[in-house]
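Here is a short report on the contacts inside one protein model. Keep the structure in view while reading.

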Amino acid sequence: MSAIICFDDPSRAPIFDNPRAERLVKGNPRRSTWEFHESADGLVSAGTWACEPGAWRIVFPATREEFFHVIEGRIRITNQRGEAKEFGPGDACVIPAGFEGIFEVIEPVRKRYVFIDRAAMRDNGPQST
């Protein structure tokens, strides 16, 4: 029987990184990721992500999308046409596959995320439940 995955597991250590230099727009924010789940087929990953203020360009592959829910802090996502949306505590969003734009952390943020990679689904064929 599979175990339930709890996002508040204190034994999980974060992985730290920064945006790639060529994508930086403002600052050089430290990002912390606690990945709590990755499916065996690589289709889905989920966890908690936190970041300091800063901004960088994001480019999502045509097969990968993200759902997130902001727990604390504030972010702004701007598409290539200059249209911006802000998200704060309690807000949720889907960044669609193929999205390109600017991801800006306005106030230190913490969010829950789920990534879905449809390339893994296509490569592995349909999955039964």
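## Around Pro29

Pro29 touches Asp17, Asn18, Pro19, Leu24, Cys51, Glu52, Pro53, Gly54 and Trp56, leaving aside residues up to four places away in sequence. Contact here means heavy atoms within 4.5 Å. Pro29 sits in the loop between strand 2 (24-26) and strand 3 (31-38). Strands are DSSP runs of E with at least two residues, numbered from the N terminus. Pro29 is buried, at 1% relative accessible area. Buried means under 20% relative accessible area, exposed means over 50%, and partly exposed lies in between (1.4 Å probe, protein chains only).

The model is predicted: local features need pLDDT of at least 70, side-chain atom pairs count only at pLDDT 80 or more, and totals for chains, interfaces and linings use all residues. Residues are numbered from 1 along each chain as its sequence is written, and side-chain values use heavy atoms, with hydrogens and water left out.

## Salt bridges

The whole structure holds nine salt bridges. In each, a side-chain nitrogen of Lys or Arg is within 4 Å of a carboxyl oxygen of Asp or Glu. Arg31 and Asp17 form one of them, at 3.0 Å from N to O. Arg31 lies in strand 3 and Asp17 in strand 1 (residues 15-17), so the pair ties together parts 14 residues apart in sequence. Arg31 is buried at 14%, while Asp17 is partly exposed at 32%.

Arg76 and Glu104 form another salt bridge, with their closest N and O atoms 2.8 Å apart. Arg76 is partly exposed at 24%, and Glu104 is buried at 14%. Shared partners join Lys26, Arg74, Arg76, Glu86 and Glu104 into one salt-bridge network.

## Aromatic rings

Seven aromatic pairs turn up in the whole structure. Rings of Phe, Tyr and Trp (its six-membered ring) pair if their centres lie within 6.5 Å; planes under 30 degrees apart are stacked, over 60 edge-to-face, and the rest tilted. Phe60 and Phe115 form a tilted pair, 6.3 Å centre to centre with 35° between the planes. Both Phe60 and Phe115 are buried.

Charges also sit over rings. That requires NZ of Lys or CZ of Arg within 6 Å of the ring centre and within 35 degrees of the ring normal. The charged end of Arg31 sits over the ring of Trp56, 5.2 Å from its centre. Arg64 lies over the face of Phe115, 4.1 Å from the ring centre.

Definitions and conventions. Helix = DSSP H or I, 4+ residues; strand = E, 2+ residues; numbered from the N terminus.
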